[in-house]
Amino acid sequence: MRAVAGLYGTQLDLEGIKPNAEKKVIERGCPTEQEEQFVAHAWMVKKGIVHHHSPNGGYRDYAEGAKFKRMGVSPGFPDFELPYARKGYHGLYIELKRLNGGRLSEHQIWWRDFLLKGGYAWYEAKGAGECIRIVSEYLDLT
């Protein structure tokens, strides 16, 4: 996982990451979306940026999926939500994709359009580096 963090010129303490994660990233040549999210989240924590990650991704069995749906989890909801009103927006939402591949689903497009019409900033970020840049610019950290 340090290889993923290294792509963005940062040393991050990524607790709970499997020891062989770095080797897998190097073998694949491209971090997974989940690995990119680990890096973006760790950077925001390090910077003290309040944010939330929606638990929409991943594979779940039918019972867990049904439970999440009953709890209000909605398909396509963006990966990161930052509750900061800035630049005329009510808050920032980011849909994070891996560097190579990954396209918006119909549900993600619906959420994008809904949030933009509602006065929220919404961005699709290709990788943790772009996510970090978007957050930095939105919060004027650069």
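Predicted model: local features only at pLDDT ≥ 70, side-chain atom pairs only at ≥ 80, totals over all residues.

Residues are numbered from 1 along each chain as its sequence is written, and side-chain values use heavy atoms, with hydrogens and water left out.

**Whole chain**

Start with the protein chain in cartoon view. Its secondary structure comes to six helices and four strands; these are DSSP runs, numbered from the N terminus, with helices being H or I of at least four residues and strands E of at least two. Along the sequence the pattern is α-α-α-β-α-β-β-α-β-α.

Switch to a surface. The chain exposes about 8700 Å², and carbon and sulfur atoms supply 53% of that area (Shrake-Rupley method, 1.4 Å probe; for residues, only the protein chains shown count as cover). Of the 142 residues, 37% are buried. Buried means under 20% relative accessible area, exposed over 50%, and partly exposed in between (1.4 Å probe, protein chains only).

Contact means heavy atoms within 4.5 Å. Among contacts between residues at least 6 apart in sequence, 66% join residues at least 24 apart.

**A loop residue**

Select S54, in the loop between β1 (52-53) and α4 (62-70). Is S54 buried or exposed? With 8% relative accessibility, S54 counts as buried. Leaving out residues up to four places away in sequence, S54 touches F77, P78 and D79.

**Charged pairs**

Side chains of opposite charge can pair when their charged atoms come close. A salt bridge here is a side-chain nitrogen of Lys or Arg within 4 Å of a carboxyl oxygen of Asp or Glu. By this rule there are five salt bridges.

Select D140 and K87, whose side chains meet in a salt bridge with N to O at 3.3 Å. D140 lies in the segment after α6 (128-138) and K87 in the loop between β2 (80-82) and β3 (92-97), so the pair ties together parts that are 53 residues apart in sequence. Both D140 and K87 are exposed.

Next, select E95 and K97, a salt bridge with its closest N and O atoms 3.6 Å apart. Both E95 and K97 are buried.

Then move to D113 and R112, where the N to O distance is 2.9 Å. D113 is partly exposed at 32% relative accessibility, and R112 is partly exposed at 25%.

**Aromatic rings**

Rings of Phe, Tyr and Trp (its six-membered ring) pair if their centres lie within 6.5 Å; planes under 30 degrees apart count as stacked, over 60 as edge-to-face and the rest as tilted. The count comes to six aromatic pairs.

One of them is W110 with W111, an edge-to-face pair at 5.2 Å centre to centre with 85 degrees between the planes. W110 is partly exposed at 48% relative accessible area, whereas W111 is buried at 14%.

Why is the pair of W111 and F114 edge-to-face? The ring centres of W111 and F114 are 5.7 Å apart and the planes are at 90 degrees, so the pair is edge-to-face. Both lie in helix α5 (residues 106-117), three residues apart, about one turn of the helix. F114 is partly exposed, at 46%.

To finish, select F77, Y93, W110, W111, F114 and Y120, which ring pairs link into a cluster.
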